[in-house]
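Colleague: Could you walk me through this model while I have it open? I would like to start with the helix packing and then move to the loops.

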Amino acid sequence: MDAEQLREHGHKMVDFIADYYKTIQNFPVLSQVQPGYLEKLLPDSAPDYPESLQNVLDDVKEKILPGVTHWQSPNYFAYFPANSSIAGFLGEMLSAGLNIVGFSWITSPAATELESIVLDWLAKAFQLPEDFYSSGKGGGVIQGTASEAVLVVLLAARDNILRRLGRSALPKLVMYASDQTHSALQKACQIAGLNPELCKFLKADSSTNYALSPEVLSEAISNDIAGGLVPFFLCATVGTTSSAAIDPLPALGKIAKTNNLWFHVDAAYAGSACICPEYRHCFDGIEESDSFNMNAHKWFLTNFDCSVLWVKDRNSLIQSLSTNPEYLKNKASQRNMVVDYKDWQIPLGRRFRSLKLWMVLRLYGLEGLRSYVRNHIELAAYFEELVSQDKRFKVIAPRTFSLVCFRLLSPLNSEDHGNKLNRDLLDSVNSTGNIFITHTVLSGEYILRFAVGAPLTERRHVTMAWQIFQDKATALLESL
Ligand code: PLP
């Protein structure tokens, strides 16, 4: 690495990215290219000799950017957000610059220690129970994604119970969650080798915005125990993907405790709101959980990827995931003096991801982060108000955070027609390129999801988005 060349090219790249952000609103938010577009534009083999950076950047502009969906656009309202910020970006840059592989403490002590410290800071800011702090038996670890987080805790829970009952109990283990739980859990169950029929995604209660009912859970557990099965794991969600439903943690936690279940709470999206005292009550009951996960890379200004997982008993993770090959042995690890995060995750290698979270916490401060989250929730409330004022539309599920679920009502009063109408509205709105939203289905109804959370989104973008919905709805209704 030639330091002067890095300086020159680095400046050029930062300029390129800064210009991208300056003009981001000029791009269609949802990429409008067709599958296979890029093969037609790029040569079919790598160059034999070096090219200039300028040539590559020209190609990025002409050939790559048209195939990019602009998640950082202020007009991005799809799925859930994936935040970028200057702090997060600079942290990523620093991490790429140092480029360490911090699987064991010795491979970069600062990487391990900063991660533990920053996750203790965040646990404190979220008012998590002290059992999650690294000073006790628990601790935090940064995973790549919420999918990895739920997988590692599921493996830890599975192995805990199998150590007690023997491996022959595996086909009898029962996992519980609501049918609104993210599909990441289903994938984790498949990887963990659980009996698919005993992965029970219980029907959520439509009268409580699709939360998991404690009564339904209790009944399922009682039946399973009576049938000779072994309940072992419960996953609750704060902020489900479809409608941001909040599972009732206090009641679910009690059931989990009574029945000796590992209780995991997935707050991949909504976890960021835990930082605001006025939303902390949504997480009450977290005290009963064994593990808690939120994605700082969703709505917490930390560039992808940074999924934060806390556990109360780190030894459970370590017992499931540790290996001790000769080539990784070192004094600090052998003497049990240090954390080796390789034993808390699936891969061996790990990036210095805590740098970007540390930078976000320091450059925004907790108050800055609170204002950030509150602002998006206020913008979502504003959008919800706009929808409610237009009698042609209906807000479908009560809104707590920054997701609004709504629907254009069919004048034909038919569910099939209503679904087609809303599908057409979504396509019509997205084809403008001016905004991007996605959908879900709740109780058979096709629902539009408007998720506020891009860092550049302001009130005027929400107003403009609503205008597009209204105009497209008018055109669709007139064409009936
Ligand atoms: N859990 C919830 C509630 C989510 O909304 C998502 C993604 O949107 C996930 C889990 C999966 O996230 P990841 O992509 O980090 O695995």
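Colleague: To begin, at what angle do helix α13 and helix α14 pack, and how far apart are their axes?

Modeller: Helix α13 (residues 415-431) and helix α14 (residues 459-478) pack at about 125°, and their axes are 10 Å apart. Axes here are lines fitted to C-alpha atoms, for helices over the stretch in contact, and angles run from 0 to 180 degrees between N-to-C directions. Helices (H or I, at least four residues) and strands (E, at least two) are DSSP runs, numbered from the N terminus. Please keep in mind that this is a predicted model, in which local features need pLDDT of at least 70 and side-chain atom pairs count only at pLDDT 80 or more, whereas totals for chains, interfaces and linings use all residues. Residues are numbered from 1 along each chain as its sequence is written.

Colleague: What do you call that orientation of α13 and α14?

Modeller: The two helices α13 and α14 are oblique to each other, given that angles under 35 degrees count as roughly parallel, over 145 as roughly antiparallel, 65 to 115 as roughly perpendicular and the rest as oblique. The crossing of α13 past α14 is right-handed, a term used if the near helix is turned clockwise from the far one by less than a right angle, with anticlockwise giving left-handed.

Colleague: Which residues make the contact?

Modeller: From α13 they are Leu 421, Asp 424, Leu 425, Ser 428 and Val 429, and from α14 they are Ile 468, Phe 469, Lys 472, Ala 473 and Leu 476, where contact means that the C-beta atoms of two residues, placed from the backbone, lie within 7 Å. By class, the contact of α13 with α14 has seven nonpolar, one polar and two charged residues. In this scheme Ala, Val, Leu, Ile, Met, Phe, Trp, Tyr, Cys and Pro count as nonpolar, Asp, Glu, Lys and Arg as charged, and the others, Gly among them, as polar.

Colleague: And α4 with α12, how do their axes cross?

Modeller: The axes of α4 (residues 109-125) and α12 (residues 354-389) come within 9 Å and cross at roughly 40°, so these helices are oblique to each other. The crossing of α4 past α12 is left-handed. On the α4 side the contact is made by Ala 111, Leu 114, Glu 115, Val 118, Trp 121 and Ala 125, and on the α12 side by Ser 354, Leu 355, Leu 357, Trp 358, Leu 361 and Leu 366. These residues of α4 and α12 divide into ten nonpolar, one polar and one charged.

Colleague: While we are on α12, is His 376 buried or exposed?

Modeller: His 376, which is in helix α12, is buried because 23 other C-beta atoms lie within 10 Å; the cut-offs are 20 or more for buried, 12 or fewer for exposed, and partly exposed in between, with C-beta atoms placed from the backbone. Leaving aside residues up to four places away in sequence, His 376 touches Ser 402, Val 452 and Gly 453.

Colleague: Changing topic, what is there in the loop between α9 and β7?

Modeller: Thr 302 lies in that loop, between α9 (296-299) and β7 (307-311), and is buried, with 31 other C-beta atoms within 10 Å. Not counting residues up to four places away in sequence, Thr 302 touches Asn 83, Gly 88, Ala 296, His 297, Lys 356, Leu 357 and Val 360. Leu 301 lies in the loop between α9 and β7 as well, and with 28 C-beta neighbours inside 10 Å it counts as buried.

Colleague: What about the backbone of Leu 301, where is its phi?

Modeller: Phi of Leu 301 is near 65°, which is positive in a residue other than glycine. Most residues other than glycine have a negative phi, and most peptide bonds are trans. The peptide bond from Phe 304 to Asp 305 is cis, with omega near 5°, and Asp 305 is also placed in the loop between α9 and β7.

Colleague: What is phi at Asn 99?

Modeller: Asn 99 has a positive phi of about 45° although it is not a glycine. Asn 99 sits in the loop between α3 (86-98) and α4 and is exposed, with 10 other C-beta atoms within 10 Å.

Colleague: Last one: which residues come nearest to the ligand?

Modeller: Thr 145, Ala 146, Ser 147, His 182 and Ala 268 come nearest, out of 15 residues around the ligand, a residue being near if its C-beta atom, placed from the backbone, lies within 6 Å. The shell around the ligand divides into five nonpolar, nine polar and one charged.
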